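Hi everyone, thanks for coming. Let me put the structure up on the screen, and then I'll talk you through it.

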Amino acid sequence: MKAGVIHAKEDIRYEEIETPVPGKGQVKIKVKYTGICGSDVPRVNGDACHFFPNVLGHEFSGIVTETGEGVTALKPGDRVAGVPLVPCMKCEDCQRGDYSLCRHYSFIGSREFGSFAEYVVVPEKNAVPFEDSVSLEQGAFFEPATVALHGLQRVPYEGGKTVAVLGGGTIGMFVMQWAKIFGAKEAVVFDIADERLELGRRLGASAGINTLEPDFMQKAMDLTRGKGFDYVFETAGNTVTMKMAFQLAANKAHVCFVGTPTKELAFSVAEWENMNRKEFTLTGSWMSYSAPFPGKEWELTAHYFKTGDLKFDDSFLFKKIPLSKIAEAFEMYKTPGLVKGKLLIDSEG
Ligand SMILES: [Zn+2]
Ligand SMILES: [Zn+2]
């Protein structure tokens with residue numbers, strides 16, 4: 001089969017490799033689309049790849065073509081979304097169902113061969129079936145949708161309350177939609193780009209606030225009659241929004257950091273003291289798994305994609321590039337700001 005094989009830093013080649021064969025409990029998937037994840041970029045353009053040669057790609061959709069011995073939940077022809085984490089299932093964290101915290105895990109598309117290829121073989125549980133009415137493009141967006149839902153599961157989430165979502169990227173848009181699905185009274189998106197705020201409103205946000213406007217904090221507070229938000233989800237991993245989360249929180253709020261931080265962060269005494277004075281609860285969120293594996297995150301994403309309550313917007317998608325041009329795709333990330341939204345690799349292209 002053909003695959004995008006990484007041989008060294010900045011050396012990813014479209015070439016022939018052996019087609020994998022499903023073993024016991026595994027399924028073989030004919031890959032259609034794989035999203036390039038933020039974490040893939042330093043694996044190709046930097047030094048983050050675990051070994052060479054390697055085949056990356058972990059946010060994927062495709063069709064089951066073959067099942068190994070003992071597979072019962074899937075059959076050839078099923079449309080599936082890939083679940084990249086392969087937890088050890090033995091450690092204390094796994095036994096508690098906290099699979100994201102496992103330290104003895106494998107990961108499809110970094111620690112073992114992934115889906116920048118025509119075929120990928122994964123354990124049965126690492127393929128989540130979805131309905132024909134859900135497109136294969138959308139199927140490649142399961143992972144961000146599940147990451148967003150895991151954030152909600154990290155707090156004692158209740159409907160009828162106010163929610164602030166900081167960052168209007170794909171994860172932020174999914175967090176906002178989950179908040180609405182589970183009954184938020186108000187779900188407000190904060191971003192610096194008006195088109196993201198507009199998209200948020202189109203997907204059901206009660207308001208969008210541009211944080212470049214000087215009076216944005218006043219506007220935000222007015223929306224909650226000066227109280228602040230009951231839940232604050234930070235999805236940008238940006239130092240500015242991380243501090244903003246402390247300001248926007250209401251008394252006794254729950255603040256959850258979903259975004260991956262990329263820079264050192266310093267708080268002034270007054271900023272930090274928000275947590276004392278408001279007695280809010282601060283937590284973080286990592287990946288998207290719960291018991292039974294792979295978890296509610298995946299089951300509910302399949303369900304709400306089917307019902308259409310969890311909406312997918314074409315603007316989530318930046319471009320589709322055929323597998324044969326994978327090197328050019330990674331080249332695009334060298335121009336800052338060029339890639340806006342998700343770049344999908346088409347394994348049939
Ligand atoms: Zn990823
Ligand atoms: Zn484990």
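Some housekeeping to begin with. This is a predicted model, in which local features need pLDDT of at least 70 and side-chain atom pairs count only at pLDDT 80 or more, while totals for chains, interfaces and linings use all residues. Residues are numbered from 1 along each chain as its sequence is written, chains are lettered from A and ligands numbered from 1 in the order in which they are written, and side-chain values use heavy atoms, with hydrogens and water left out.

Let's take the domains. The chain is divided into domain 1, made of 2–145 + 288–346, and domain 2, covering 155–284; such bounds come from an automatic or database domain assignment. Taken over C-alpha atoms, the centres of domain 1 and domain 2 are 29 Å apart. Between them, 13 residues of domain 1 are in contact with 12 residues of domain 2, where contact means heavy atoms within 4.5 Å.

Now the metals. Which residues coordinate the zinc ion called ligand 1? They are Cys37 through SG, His58 through NE2 and Glu59 through OE, at 2.1 to 2.8 Å. A word on the cut-off: donors are N, O and S atoms within 2.8 Å of the metal (3.2 Å for Na, K and Ca), and water is not among the atoms, so sites may look incomplete. Along the sequence, the donor residues of this zinc ion are spaced C-x20-H-E. Both His58 and Glu59 are buried; for the accessibility terms, buried means under 20% relative accessible area, exposed over 50%, and partly exposed in between, with a 1.4 Å probe and protein chains only.

The zinc ion called ligand 2 has the SG atoms of Cys88, Cys91, Cys94 and Cys102 around it, at 2.3 to 2.4 Å. Those donors follow the spacing C-x2-C-x2-C-x7-C. The angles among the four donor atoms are 103 to 117°, and the site is tetrahedral. Four donors count as tetrahedral if all angles lie between 85 and 135 degrees. For reference, the ideal angle for four tetrahedral donors is 109.5 degrees. Is Cys91 buried or exposed? Cys91 counts as buried because its relative accessible area is 15%, whereas Cys88, at 22%, is partly exposed.

On to the strands. There is an open sheet of six strands in the order β12-β11-β10-β13-β14-β15, with parallel pairing. Its edge strands are β12 (207–210) and β15 (281–284), each pairing on one side only. From one strand to the next, the twist averages 20°. On this sheet packs helix α7 (residues 216–223), which touches β11 (186–191), β12 and β13, and its direction makes about 160° with that of β12. On the terms: helices (H or I, at least four residues) and strands (E, at least two) are DSSP runs, numbered from the N terminus, and two strands pair if DSSP finds at least two bridges between them. Axes are lines fitted to C-alpha atoms, for helices over the stretch in contact, and angles run from 0 to 180 degrees between N-to-C directions.

Looking at individual pairs, β10 (residues 162–166) and β13 (residues 229–234) pair in the parallel sense over four bridges, with Leu166 opposite Glu234. Five bridges join β10 to β11, and there Thr162 stands opposite Glu186. In β11, five of the six residues are buried.

Elsewhere, β3 (residues 26–35) runs antiparallel to β8, joined by five bridges.

One residue I'd like you to look at is Phe316, in the loop between α10 (296–307) and β16 (317–322). Phe316 counts as buried because its relative accessibility is 0%. Not counting residues up to four places away in sequence, Phe316 touches several residues, including Phe141, Met173, Leu203 and Gly341.

Last, the backbone. Most residues other than glycine have a negative phi, and most peptide bonds are trans. Here, the peptide bond from Phe52 to Pro53 is cis, with omega near -10°, and the bond from Ala291 to Pro292 is cis, with omega near -10°. Met89 has a positive phi of about 70°, and Lys252, in β14 (residues 249–257), has a phi near 65°. Lys252 is exposed, with a relative accessible area of 57%.

Methods:
Four donors count as tetrahedral if all angles lie between 85 and 135 degrees; four count as square planar and six as octahedral if opposite donors are over 155 degrees apart and all others between 65 and 115; anything else is irregular.
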